[in-house]
Amino acid sequence: MNPKYALLGALYFVQGIPYGLQSGLLPIYFRTVGLSLTRISLAKVLYVPWVLKVLWAPLVDQYWTKKAWLVLSLGGLGLACLACSAMTPEAQFLPVAAALLSMNFFASLQDVAVDGVAVRLLGQEEVGYGNTIQVVAYKLGSVLAGGGLLSFLHLLGWGPLFWSLAAVYLLAILYTWCSDLGLQRPLQEGPAKSRILSPWRILHSLLRVPGTPWTAGFVLIYKIGEQGASSMFPLFLLDRSFSPQKLGFWNGIVATVFSIAGSWLGGHLMAKHRHPLALLKGLLALRVCGLLFQTLLTAVYKDKASIFEAAAVLSLCIQHFIAGVVTTLTFCLMMHCTQKADESIQATHYSFLATLEVLGKLLFSTLVGSLVDWLGFASSFCVFLSLSFASVLYTLRLHAASAGS
């Protein structure tokens with residue numbers, strides 16, 4: 001395998017572990033040891049470093065080398081795992097929460113550094129496969145931590161589980177340290193390369209990069225309708241006599257396989273065509289058709305009818321497959337935009353776009369449950385459908401604006 005792809009795959013894989021750990025494994029473990037649902041829900045606050053990572057991205061861009069930041073962040077993740085192994089959440093919830101918060105901080109720091117490495121290492125012809133590796137490796141790390149480790153938790157126990165994760169991060173540190181792909185090359189400094197740490201000057205520099213305002217608007221809205229549907233449709237099925245076990249298999253395992261297949265296809269398409277905007281227009285329109293199918297299902301679904309259950313499973317697979325393609329192409333779009341930026345702000349620029357992508361999903365996710373309680377499933381899915389169609393219209397505008405520039 002290309003050494004660039006191997007390094008990025010390893011780094012994105014370990015980066016996915018904290019998310020899978022905290023979204024899949026820990027809520028179930030916390031509940032089994034008797035923690036209240038309130039405490040489990042409050043644990044979502046621990047994701048806040050991912051929204052704030054753009055604040056420390058300029059430091060990663062303008063001080064030290066990317067290799068130094070990677071070793072620092074991976075070392076911090078390993079130490080956070082060792083801290084968790086020495087405590088028990090049922091007796092020491094707040095200290096464990098603090099350790100998990102630090103884990104998210106170091107994971108977000110690693111994300112900034114590895115994105116900067118990817119932007120610098122990948123050529124235009126490598127962006128498609130590079131972003132496929134980014135998405136797939138992150139998902140695999142998340143699935144391993146959220147599902148795979150959960151299967152062995154009763155055998156390992158809390159302490160040994162985190163010792164094992166600390167060992168994984170130690171191996172990642174050694175692999176990163178031994179890699180020689182230009183990671184030790186410091187930022188070229190000189191009279192014209194003065195460091196900029198003023199937030200307003202940084203924002204101004206980011207927005208001056210060609211295509212940034214349009215790309216920022218797109219990544220903020222492109223997932224909103226899809227996010228509402230993907231989070232609510234499994235709950236709709238659960239309310240309509242779909243068993244948790246059946247839902248876990250189809251939505252948790254099979255749909256993830258389709259999502260990874262979609263991510264691979266997105267990278268393959270990019271490697272051949274290298275024009276993410278042209279590809280996104282058709283795929284976003286196709287996503288609207290898939291969401292229309294789900295919307296109709298919420299209106300006519302009949303409990304325990306085999307044909308409707310099969311249609312629901314089919315819609316989940318289609319939804320996740322298209323989402324995988326769209327996500328990979330969007331990350332390629334972001335990276336193409338970032339590669340136009342000056343090297344001194346590239347990691348900050350990509351982190352800025354990635355933060356907007358996360359923010360768009362998180363903000364709507366906090367409201368979607370209330371929307372369904374208020375309007376019901378069928379009407380809410382009509383809203384999701386409209387939002388997805390709005391992203392199609394915006395892509396046409398984005399394509400025209402980019403062509404004009």
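**Entry 1. Salt bridges**

I began with Lys 66, which forms a salt bridge with Asp 61, their closest N and O atoms lying 3.8 Å apart. I took a salt bridge to be a side-chain nitrogen of Lys or Arg within 4 Å of a carboxyl oxygen of Asp or Glu. Lys 66 is buried, and Asp 61 is buried too. For burial I used relative accessible area: buried is under 20%, exposed is over 50%, and partly exposed is in between (1.4 Å probe, protein chains only).

I note that this is a predicted model, in which local features need pLDDT of at least 70 and side-chain atom pairs count only at pLDDT 80 or more, while totals for chains, interfaces and linings use all residues. Residues are numbered from 1 along each chain as its sequence is written, and side-chain values use heavy atoms, with hydrogens and water left out.

By the salt-bridge rule I count 7 salt bridges. Side chains of opposite charge can pair when their charged atoms come close.

I next looked up Glu 226, which forms a salt bridge with Lys 223, with 2.5 Å between the closest N and O atoms. Lys 223 has a relative accessible area of 9% and is therefore buried. Glu 226 counts as buried because its relative accessibility is 7%. Glu 226 also meets Arg 287 in a salt bridge, at 2.9 Å from N to O. This pair links distant parts of the chain, for Arg 287 is in helix α13 and Glu 226 in helix α11, 61 residues apart. Helices here are DSSP runs (H or I, at least four residues), numbered from the N terminus. Both Arg 287 and Glu 226 are buried. Through shared partners, salt bridges join Lys 223, Glu 226 and Arg 287 into one network.

**Entry 2. Cavities**

A cavity is a set of points, on a 1 Å grid over the protein atoms alone, where a 1.4 Å probe fits but cannot get out; lining residues have an atom within 4 Å of a point. The largest cavity holds about 90 Å³ of space, a volume being the space filled by probe spheres set on the points.

Which residues line the largest cavity? Among them are Glu 226, Arg 287, Gln 294, Ser 315 and Ser 388. Helices α11 (224-239), α13 (276-300) and α14 (306-338) each supply at least two residues of this lining. The most comes from α13, with 4 residues.

I checked the length of α14: its 33 residues should span 48 Å at 1.5 Å a residue, and its end C-alpha atoms are 48 Å apart, which agrees. The expected span is 1.5 Å times one less than the number of residues. Of the 33 residues of α14, 27 are buried, so this helix is largely enclosed by the rest of the structure.

For α6, the 29 residues should span 42 Å, and the end C-alpha atoms are 41 Å apart, which agrees. This helix is also largely enclosed by the rest of the structure, because 22 of its 29 residues are buried.

Leu 101 sits in helix α6 (residues 93-121) and counts as partly exposed, at 35% relative accessibility. I also looked up Leu 144, which lies in helix α7 (residues 127-156). Leu 144 is partly exposed, with a relative accessible area of 39%. Leu 144 and Gly 16 are 128 residues apart in sequence, and 8.9 Å apart in space from C-alpha to C-alpha.

Terms used:
1 Å grid on protein atoms, 1.4 Å probe; cavity = no way out; pocket = protein on both sides within 12 Å on 5 of 7 lines; lining within 4 Å.
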